[in-house]
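Hi,

Here is the structure I said I would pass on to you. Have it open while you read, and I'll go through what turned up.

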Amino acid sequence: MTDQKLALVERQPWHALDCAAIFDLLQTRPDGLTQTEADSRLLRFGPNRLPRTRPRSAWLRFLLQFHNLLIYVLLASALLAVMLGETIDAAVILGVVMLNALVGMIQEGRAERSLEAIRKLVDPKASVLRDGRRATVPADALVPGDIVLIEAGDRLSADMRLFKARGLFADEALLTGESMPVEKAVAPVPTDRPLAERVSMGFSGTHITAGQGMGVVTATGPATELGTVSALLGQVRTLKTPLIEQMDGFAKRLTIAILLFSGVTLAFALLVRNYPPVDAIMTVVGIAVAAVPEGLPAVLTVTLAIGVQRMAARNAIIRRLPAVETLGSVSVICTDKTGTLTRNEMMVAGIVTAAGECSVSGSGYDPHGLFEVGSRAIEPDGLLIAVVRAGLLCNDASLRRAGDNWVVDGDPMEGALVALAMKAGFDPDQTRKELPRSDEIPFDAAHRFMATLHHSHADGPFVLVKGAPEQLLAMCALERCGDGERAIERGEWLARVEALAARGQRVLAFATKAMPTDHDALSFADVEYGLVFLGLMGLIDPPRDEALAAVAACREAGIRVMMITGDHAVTAREIARQLRLADDPQVVTGQDLDALGDEALKVTVRSATVFARTTPEHKLRLVEALQTLGLTVAMTGDGVNDAPALKRADVGVAMGRKGTETAKEAAQMVLADDNFASIVDAVREGRTVYDNLRKVIAFTLPTNGGEAFTIIAALALGFALPVTPVQILWINMVTAVALDLTLAFEPSEAGTMRRPPRARNAPLLTPILLWRTIYVSVIFMVSAFGIFFWADARGHDLATARTLTVNVIVVLEIAYLFSIRFVHGTSLTWRGVLGTRAVIVGVALVVAGQLVFTYAPFMNRLFESRPVELHDGLVVIVIGVVALLIFETEKWLTTRSSRGIERPVR
């Protein structure tokens, strides 16, 4: 094949060309290539494999984990601890940094396996014609122009143009999201048809569910549709989560503030107070040690880890730690339809006979449900029983129970007919035994129907036919009615077909015909005319029962739910209507998206609810458009076609049961039960985690700030330091371990899911948090100086005064802990006072630690502490109680004035 021919091959709309043109372009024949030509093309086109990109080494991934400003602050705090001689604290800080780096390295390694999961979709072998003979070759040896033999059960190894197809159906859900196997044909289709409607093509990675066929390979390796998805996935840039963005900004501001204060303090100590250089530097070290929240990253990591455990109990498996918190900020959920909002199980939803229409309730293949006319349940009889029995007998599927689920062996649509018959009271095995099948005409795309011949001891032989309504109506002369048979009204029945289709239902028609007594074989001549029309059935992939409540909960929480699917627009809109995704769901198709520019797309995504007939590129583009509007996007999916959007989304949510490995590897979260409702539970936990993170930061900043303010004030006023740097390290160590961590275990507050999502760009440092940091720091500082001077006035030595100051700071932190536990309500309740088990344990540990700090001789030597009298200890406790009342009064006044609205600091 020449270079000019090669370039021509790579840009052809194969689905729109007739077979003769394809054979000419590919320079091949129906009996296949010669082995020599195949070898030559293999050299030219390359192996039929997806390209492998060299992943980053484990060492590089590990080192990159340290490239973070907050990590730099931690390393600096470790260096300061070493300068103070506190090697244990330095070791703890470095241990936290190393642990975070290891976790990040491991998680990135798992993410990079997503492309490998796609490669596994290609079968290792393929049946081809070479030199006019059938041969089995490795899948990576396929080349454009190869003739591939296709049978039920095969997974296609390359993209191919079909030129023979007999009853051929392909499951293309992993590429298109189409819930049902697609019927394949050989006739060309228009060039502008979306991927899901290119019925003349077979695509790499898709599964053949029925029939036989032959195809000529048109694309291999990266040139296939599967390769396009793989390349798209490799190019997708994962955005930073809102938490990482906020922590980056927070760390930057904190670092600048610490450096600024340290520099000013050093200059003041040297130039104004005339401190010796060593004493001045050690004072600055004390400020830095007090201000740097060395335990904060560890506490944040633990808080996220606890969120992971809680979500796992709700069937939401978190693969990347920051995704826990990101869920709490989700403002849009872009969800696939098939298998996510719906069951991915067909069900008969309505039946139409000459006697009227009835609806059928139930859930997927579960053979329990009611036949209803309006809101009234009825017992099926007469015409209804006749059409239901026809669906059961003209049928090759069977239904069986597997644990709590019902499973179909055979075609999903035929499985739905068996479930319907069981709802009507039929025993499938017994009915088929009483009315045995003696012959059949299998379904074929050419004639679009299936026919079976049965024998009844009472009525003799009869034929049952099911298929496309238009085909069967053309074959019928009569229709069954209440009092017998009459001439068929084809126009009326076509209108009923359109009415069912307008509801998003797939329509099947059923007919029958009595046969002569001695008839024991079936031919096309027996059924091509003279049939008696029985009725219609409309089938749907029904919404999950729990999805309706979940969608309602999302809307109450201010979260938009958008459906992005490869299915038909009419079907998608009907499911959206049933689930109440919007009052009047607006549908946009993939073709519509192709015509929209980036700015027009931003306008469209603000109002549209359903996007149908979409490709992987469309899904990715929609996610990016939503993110440019400042929205935090969660994307659900289960197929390979969803993987790029799952990776790009702020939170990619893959299905655990029916999802492909590619989708799971690209996602940040996996739903173990494939239940959309679990996302709502996960969002609740995510919001709780964020609230707890805010509590940890709101606790850490004022407490550390109070310590720093105390040292700065002492330096500015020329007083002796109320606490030494080593005592500050003790306070930070004991409270970080025993108090900060308790906030990670706080349960959800009331109204968590009635608050709107927070803005993506809302920083952690809000005006209220900034005010509270200064206000609480001042209270800590005033209390520390108050007890210090009070002790001095009572004649205590410096060491005892400092011991009382350390105890006051710790008691104040305990009081502030009880106040900060409830961000949106008062802590002065029995629940607030008693606390959770974690709070009780944490406070008990701190009290025990302070008793050891105060009274143990070895601690007195190590930290220069001294035992205190009972009276002095009671004064310390009273100060804590008064502080709690002050904290609660301020919180009530602030909450009332702000009315719960916090605007970010710009």
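**Salt bridges, and what else turned up**

Let's begin with a pair of charged side chains: Arg 621 and Asp 598 meet in a salt bridge, with N and O 3.4 Å apart. This pair ties together distant parts of the chain, since Arg 621 sits in helix H25 (residues 616-628) and Asp 598 in helix H24 (residues 598-607), 23 residues apart. Arg 621 is partly exposed, at 22% relative accessible area. Asp 598 has 54% relative accessibility, so it counts as exposed. One thing to keep in mind throughout: this is a predicted model.

How many salt bridges does the structure hold? The count is 27. Another of them joins Asp 140 and Arg 49, at 3.1 Å from N to O. Here too, distant parts of the chain are linked, with the two residues 91 positions apart. Asp 140 is in the loop between strand E2 (133-138) and strand E3 (147-151), while Arg 49 is in the loop between helix H3 (35-45) and helix H4 (58-64). Both ends are partly exposed: Asp 140 has a relative accessibility of 28%, and Arg 49 has 44%.

Then there is Asp 409 with Arg 400, whose closest N and O atoms are 2.8 Å apart. Asp 409 is partly exposed at 33%, and Arg 400 is partly exposed at 39%.

**The chain as a whole**

Stepping back a bit, the chain has 906 residues, and 56% of them are buried. Its secondary structure comes to 35 helices and 28 strands. If you take the contacts in the chain with a separation of 6 or more, 72% are between residues 24 or more positions apart. The chain exposes about 37,700 Å², and carbon and sulfur atoms supply 59% of that area.

Which residues of H19 are buried? Trp 493, Val 497 and Leu 500 are. They cover an arc of only 65° around the axis, so they lie on the same side of H19. Turn to the other side of H19 and you find Gly 491, Glu 498 and Ala 502, which are exposed.

What covers the buried residues of H19? The cover includes strand E10 (347-353), strand E11 (356-360), helix H18 (469-475), strand E19 (476-481), strand E21 (506-514) and strand E22 (531-540). After H19 comes Gly 504, which has a positive phi, near 80°.

Helix H31 (residues 798-820) is the other one I'd pick. With 23 residues at 1.5 Å each step, H31 should span 33 Å, and its end C-alpha atoms are 32 Å apart, which agrees. H31 is mostly covered, with 21 of its 23 residues buried.

**Two backbone angles**

Most residues other than glycine have a negative phi. Asp 131 has a positive phi, near 60°, and is not a glycine. You'll find Asp 131 in the loop between strand E1 (125-130) and E2. Asp 131 is partly exposed, with a relative accessible area of 38%.

Glu 864 is not a glycine either, and its phi is positive at about 55°. Glu 864 is in the loop between helix H34 (857-863) and H35. With 47% relative accessibility, Glu 864 counts as partly exposed.

Last stop: which residues make the nonpolar surface patch of about 590 Å²? Leu 828, Leu 870, Leu 874, Ile 877, Val 881 and Leu 885 do. Take Leu 885, which is found in helix H35 (residues 870-898). Leu 885 is partly exposed, at 47% relative accessibility.

Cheers

Terms used: Residues numbered from 1 in each chain as written. Predicted model: local features only at pLDDT ≥ 70, side-chain atom pairs only at ≥ 80, totals over all residues. Heavy atoms only, no water. Patch = residues over 30% accessible without salt bridge, like charges linked within 9 Å, V, L, I, M, F, W, Y side chains within 5 Å. Areas by Shrake-Rupley, 256 points an atom, 1.4 Å probe, with all protein chains shown as cover. Salt bridge = Lys/Arg side-chain N within 4 Å of Asp/Glu carboxyl O. Helix = DSSP H or I, 4+ residues; strand = E, 2+ residues; numbered from the N terminus. Buried < 20%, exposed > 50% of the residue type's maximum accessible area, 1.4 Å probe, protein only. Arc of directions from axis to C-beta. Contact = heavy atoms within 4.5 Å. Expected span 1.5 Å × (residues − 1).
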